[in-house]
Amino acid sequence: MKYVDEYRRPEHCQRLLQEIRQTATRPWTLMEVCGGQTHGLLRYGIDAALENVVRLIHGPGCPVCVTPLESIDLAIELARRPAVTVSSFGDMLRVPGSRENLLQARAEGGNVEIVYSPLDAVRYAEEHADRQVVFFAVGFETTAPATALAVHQASKLGLTNFSLLVSHVRVQPAMEMLVESEDNCVQGFLAAGHVCTVAGYDSYERFVEKYKLPVIVTGFEPVDLLMGIQECVQQLERGEAEVVNCYSRSVLAPGNKQALAIMEDVYEVCDRPWRGLGVVPNGGFRLRSKWAQFDAERRFKRHALPAHECAECRSGDVLTGRIRPTECREFGMRCTPNSPLGAPMVSAEGACAAYYRYAPLNGAVQAN
Amino acid sequence: LLAFEPPFTAGVVEFAGVHRQVSLACVPEAKKGDYVLVHAGIAISRIDADEAAKVLATLDALDLGDDDSDESTFGGDGVRVQSNVGSSTQI
């Protein structure tokens with residue numbers, strides 16, 4: 001496919017690898033905060049190719065993984081009500097709640113629909129006037145505009161059987177929280193390209209000013225990832241810290257103005273608990289009160305029991321880059337994609353799932 | 001992008017052979033034949049062909065600049081390039 005294949009050329013990857021190896025005088029620690037990039041780094045063997053050259057650690061870049069347990073429990077509870085259908089992305093279905101996941105709830109008669117887009121959930125509600133359709137909205141700034149559009153569409157269609165359980169999260173506040181933590185070891189960030197497509201990278205100027213860490217807007221193909229790493233390493237070697245856009249074919253400095261305008265109309269920023277991280281100040285979006293008629297948490301009374309997190313799962317340490325997935329004693333043992341103990345092993349964007357799928361190719365598992 | 005469709009600003013986009021309706025509300029400037037980045041059913045950006053060409057030209061120049069490429073290591077400690085699996089939401 002155009003704009004994909006060109007960024008996978010082996011000869012370009014080789015040159016960039018060579019440049020990075022020549023530039024790096026010590027193993028700088030770089031973090032990406034995007035599950036798509038985590039998987040790209042593992043899938044293309046970039047982490048193995050740069051072993052001992054740079055240290056690539058993974059941040060909380062998987063939105064499904066950081067969705068609060070309480071929200072999952074509520075979605076499950078709603079799915080079990082006879083008149084309610086819960087719709088969400090396929091990734092969400094196998095993420096463990098306190099006692100079960102949405103897929104198990106469905107197997108026992110709960111109503112769960114997988115959708116590709118929030119707009120499909122609106123269409124489903126339109127076609128099923130006799131059901132209350134709840135869209136379980138998760139995702140970073142990349143996905144938030146699609147949910148906001150769904151609110152606008154449902155409003156224009158005058159739907160009274162559509163509501164949302166909004167659990168959208170914002171990346172930059174989580175990055176700030178990680179950098180502020182006492183044991184922070186991140187020396188440079190690869191900023192998530194698709195989040196920046198929507199949110200832009202102007203807002204990183206203050207971040208860079210304050211924390212003196214390079215932030216490189218980075219894409220997803222191997223050449224994109226290597227260009228981001230190379231720029232970051234070059235800055236660190238020069239002792240500089242700047243925001244640089246290495247994903248210029250998709251990202252503009254101010255982001256996507258239309259998307260930001262729709263989001264501004266629909267959401268307000270709120271503090272949000274992130275699974276594994278705790279409450280991230282300003283770390284989420286919630287519906288503005290003028291859209292309260294679409295807020296599932298207002299529409300339905302919650303009966304959920306107290307949330308209960310799996311004690312053995314170290315997803316908190318994985319999501320903050322403190323350990324690699326392979327350092328967890330349950331990795332590949334009691335915890336596999338088929339029977340996950342925690343969300344990062346389930347999701348297509350989770351770091352544990354990436355290591356489980358690709359690490360044997362890289363030899364990383366043997367190092368465990 | 002192949003065509004425009006009502007009622008909400010929408011269009012048909014081809015993803016390597018698969019056609020799907022996507023919202024164009026956030027990329028009103030998109031024209032037929034453009035490449036758009038689609039996420040969760042909505043286009044979130046129009047791919048900038050000039051910027052893409054600039055980057056590729058820089059990479060090509062990088063190739064010309066050095067003849068001592070260690071191509072023999074490709075497949076050993078090099079980067080694996082695998083077939084595209086399910087990245088249709090990325091582009």
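In strand β5 of chain B, B:Ala43 is the bridge partner of B:Val38. The model is predicted; local features need pLDDT of at least 70 and side-chain atom pairs pLDDT 80 or more, while totals for chains, interfaces and linings use all residues. Residues are numbered from 1 along each chain as its sequence is written, chains are lettered from A and ligands numbered from 1 in the order in which they are written, and side-chain values use heavy atoms, without hydrogens and water.

**Strands β4 and β5 of chain B**

- Strand β4 (residues 36–39) of chain B pairs with β5(B) in the antiparallel sense, over four bridges; two strands pair if DSSP finds at least two bridges between them.
- Strands here are DSSP runs (E, at least two residues), numbered from the N terminus.
- The hairpin formed by β4(B) and β5(B) has two residues between the strands, and B:Ala40 in the turn has a positive phi of about 50 degrees.
- Strand β5(B) (residues 42–46) is largely enclosed by the rest of the structure, because four of its five residues are buried (under 20% relative accessible area, with a 1.4 Å probe and protein chains only).

**Cysteines of chain A**

- Over all chains there is one disulfide, defined as a pair of cysteine sulfur atoms within 2.5 Å.
- That disulfide links A:Cys62 and A:Cys65, with an S to S distance of 2.3 Å.
- The torsion about the S-S bond of A:Cys62 and A:Cys65 is about 75 degrees, so the disulfide is right-handed.
- A:Cys62 and A:Cys65 are both buried.
- A:Cys270 is in no disulfide; its nearest cysteine sulfur, that of A:Cys62, lies 19 Å away.
- A:Cys270 counts as buried because its relative accessibility is 6%.
- A:Cys352 is likewise in no disulfide, and the nearest cysteine sulfur, that of A:Cys335, is 6.2 Å away.
- With a relative accessible area of 11%, A:Cys352 is buried.

**Cavities**

- A cavity is a set of points, on a 1 Å grid over the protein atoms alone, where a 1.4 Å probe fits but cannot get out.
- There are four cavities of 30 Å³ or more, where grid points are joined across faces, edges and corners and a volume is the space filled by probe spheres set on the points.
- The largest cavity holds about 110 Å³ of space.
- Its lining comprises 14 residues, each with an atom within 4 Å of a point.
- Nearest the centre of the largest cavity lie A:Cys313, A:Arg314, A:Cys328, A:Cys335 and A:Cys352.
- The lining of the largest cavity has ten nonpolar, two polar and two charged residues; Ala, Val, Leu, Ile, Met, Phe, Trp, Tyr, Cys and Pro count as nonpolar, Asp, Glu, Lys and Arg as charged, and the others, Gly among them, as polar.

How values were computed. Buried means under 20% relative accessible area, exposed over 50%, partly exposed in between (1.4 Å probe, protein chains only). On a 1 Å grid over the protein atoms alone, a cavity is a set of points where a 1.4 Å probe fits but cannot get out, and a pocket is an open set with protein on both sides within 12 Å along at least five of seven lines; lining residues have an atom within 4 Å of a point.
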